[in-house]
Amino acid sequence: MLLAIDTSVGTSVAIVDLRLGVLAERSSDDTRRHAEVIGEFIQACFDEAGIAVADLSGVVAGMGPGPFTGLRVGIAAARAFAFGAAKPVVPIVSHDAVAFGVVQPVLVVTDARRNEIHWSSYAMPDAAGLPTRTSGPSLARAAELESIVSAHPGHRLIQARTVSAAPLGLLAESLYANGRQFAADVPLYLRSPDVTISAGPKRVTG
Amino acid sequence: MSEPLVLGIETSCDETGIGIVRGSTLLANVIASSMDEHARYGGVVPEVAARAHLEALTPALKRALAEAGIALADIDAIAVTSGPGLAGALMVGVGAAKALSIALGKPLYAVNHLVGHVGVDLLDGEPLEYPTIALLVSGGHTSLLLVRDLVSDVELLGETIDDAAGEAFDKVARLLGLPYPGGPQIDRAASGGDPAAIRFPRGLSQPKDLDKHRYDFSFSGLKTAVARWVERERDAGAVVPVADVAASFREAVVDVLIAKAIAACADYGVPRLLLGGGVVANARVREIAAERCAAAGIRLRIPPLELCTDNGAMIAALGAQLIIAGHAPSGLGFGADSTLPVTTIQA
Ligand SMILES: [Zn+2]
């Protein structure tokens, strides 16, 4: 049984189990209130699932890609919860959860803000039904979407407003059941911090 | 619960702080700073700080528990800074604290960073006496508070209307070609300099300003004045007397800080002044504060330096006082508030 958390776009929390399926899920596509809602969502999932923290075998963290401020809230929550519960963190690429269960090639696109998008492409799922990422996650200008789509003929375009934590958790269960590797425990910011190294103090007198 | 065991989480600026207290006894104070990462930019870069918090948080938690010699399960409550501070940085602590609180089944207290700077004074074994004036000066804030009661009555008397004092130190250090962070650099450069060599302006200290801004601070004009002075010297082909400029600039900052704090003590008839924030590390701040407080019959309190800079112990200490005073936990719905007013002691 897994607690799954994703804040790469909106906020989504779920409790899932390989055999029992989705026990509870709470989601919001609000891209500005991750820190406000995260705790209530986790609590609501436990209340609805009727399980104890000790019943978990791990905590799934959607590692992005996503705009950094929101993305970090979910990863911080997943890591802290796992630490408190003495369970492992299970990192998963958020886009993989969107592609999971779609039985055709997919192009997953999420909003990266500032007129940019995050995108990943997937071939048909493999024999175990797991997503096969063929490129990405990458960052592109929103205006490039059209050319990305035409470069991927036969791909279904999914523009996700929230990465749902239920498939995120179920994907983690399936990866584990099939002896596959999880993602690296590294946030996928795909952008450097916006800083320029100043050339030196500017003159104040003319 | 008379002596609650509280874990405090602080991520409002560039220090990831995890502290553990039992009532007003300090058990652990772990600080992971991202200061070195900001050095090449000459100031705190919010996104760099927030990324560092995410990576530092769990290791700092582990170290704090080891330092305190307790298990997570022993903790009675969690306290976290919900503001004021850098929004993206605060959110890391808030997200982590909420999750940790649910995982442990322990109550969560969202507290005010500035009031935490005051509460930390409890940890040196002496009770806080009220009322007290508190002067909190760092790279992120410059605030003058009147504290009548730590958990129920804190008033903002004044604050900076532009740069924080710590920022002014950073900017003038850069101007003089000194590295970041500027505070210790200016301090070092100023030793041997003449603080009276150049009369730099004291912000918001003219009679006309005092009506509206009696307890407010401004360092932007001072910074510009130093820049003008240095440019004029350089343009004239003179060698800039770095020690004198540093000493005179530092004197202007410290003079205004302490003058306004002492004025507040006098105006409100409060014979106590508490200093907090990283700028307290500045030797001249402590020196002038001690001199002028002694002259005015004001009792000066300066917590140990590692408790003056941003830390988790101060957040835990404030959380413990809220619990002792019978305050209910904050619940899970609060957010990070970068401009949380000082009157909101608990969010
Ligand atoms: Zn501070």
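How many cavities of 30 Å³ or more does a search of the whole structure find? The search finds 3. The structure is a predicted model.

## The largest cavity

The largest cavity holds about 50 Å³ of space. Its lining is made by Asp121(B), Pro127(B), Leu128(B), Glu129(B), Thr132(B), Arg272(B), Leu274(B), Arg299(B) and Arg301(B). Of these lining residues, 5 are charged, 3 are nonpolar and 1 is polar.

Two strands of chain B, S9 (272-276) and S10 (299-301), each give at least two residues to the lining of the largest cavity.

## Helix H2 of chain A against helix H3 of chain B

The crossing of H2(A) and H3(B) is right-handed.

On the H2(A) side, the contact is made by Thr69(A), Arg72(A), Val73(A), Ala76(A), Ala77(A), Ala80(A), Phe81(A), Phe83(A), Gly84(A) and Ala85(A). On the H3(B) side, the residues are Gly88(B), Met91(B), Val92(B), Gly95(B), Ala96(B), Ala99(B), Leu100(B), Ile102(B), Ala103(B) and Leu104(B). The contact of H2(A) with H3(B) counts 15 nonpolar, 4 polar and 1 charged residues.

## Helix H2 of chain A against helix H2 of chain B

H2(A) also meets helix H2 of chain B. The axes of H2(A) and H2(B) come within 10 Å and cross at roughly 5°. That angle makes H2(A) roughly parallel to H2(B).

From H2(A), the contact takes in Phe68(A), Arg72(A), Ile75(A), Ala76(A), Arg79(A) and Phe83(A). From H2(B), it takes in Glu47(B), Ala50(B), Arg51(B), Leu54(B), Glu55(B), Thr58(B), Leu61(B), Lys62(B) and Leu65(B). By class, the residues of the contact of H2(A) with H2(B) are 8 nonpolar, 6 charged and 1 polar.

## Two helices within chain B

Helix H2 of chain B, residues 46-68, and H3(B) have axes that come within 8 Å and cross at roughly 35°. H2(B) passes H3(B) in a right-handed crossing.

Which residues of H2(B) meet H3(B)? They are Ala50(B), His53(B), Leu54(B), Leu57(B) and Leu61(B), and they meet Gly88(B), Ala89(B), Val92(B), Ala96(B) and Leu100(B) in H3(B). This contact of H2(B) with H3(B) has 8 nonpolar and 2 polar residues, with no charged residues.

## Backbone features in loops

Most residues other than glycine have a negative phi, and most peptide bonds are trans. The residues below depart from one or the other pattern.

In chain B, the peptide bond from Gly83(B) to Pro84(B) is cis, with omega near -10°. Pro84(B) sits in the loop between strand S4 (77-83) and H3 of chain B. Another cis peptide bond joins Tyr180(B) and Pro181(B), where omega is about -5°. Pro181(B) is in the loop between helix H5 (165-175) and helix H6 (182-190) of chain B. In chain A, Ala86(A) is not a glycine but has a positive phi of about 55°. Ala86(A) belongs to the loop between H2 and strand S5 (89-92) of chain A.

Key
Residues numbered from 1 in each chain as written. Chains lettered and ligands numbered in written order. Predicted model: local features only at pLDDT ≥ 70, side-chain atom pairs only at ≥ 80, totals over all residues. Heavy atoms only, no water. 1 Å grid on protein atoms, 1.4 Å probe; cavity = no way out; pocket = protein on both sides within 12 Å on 5 of 7 lines; lining within 4 Å. Points joined across faces, edges and corners; volume = space filled by probe spheres on them. Helix = DSSP H or I, 4+ residues; strand = E, 2+ residues; numbered from the N terminus. Nonpolar A, V, L, I, M, F, W, Y, C, P; charged D, E, K, R; others polar. Left-handed = near helix turned anticlockwise from the far one by under 90°. Contact = heavy atoms within 4.5 Å. Axes fitted to C-alpha atoms, helices over the stretch in contact; angles between N-to-C directions. Parallel < 35°, antiparallel > 145°, perpendicular 65-115°, else oblique.
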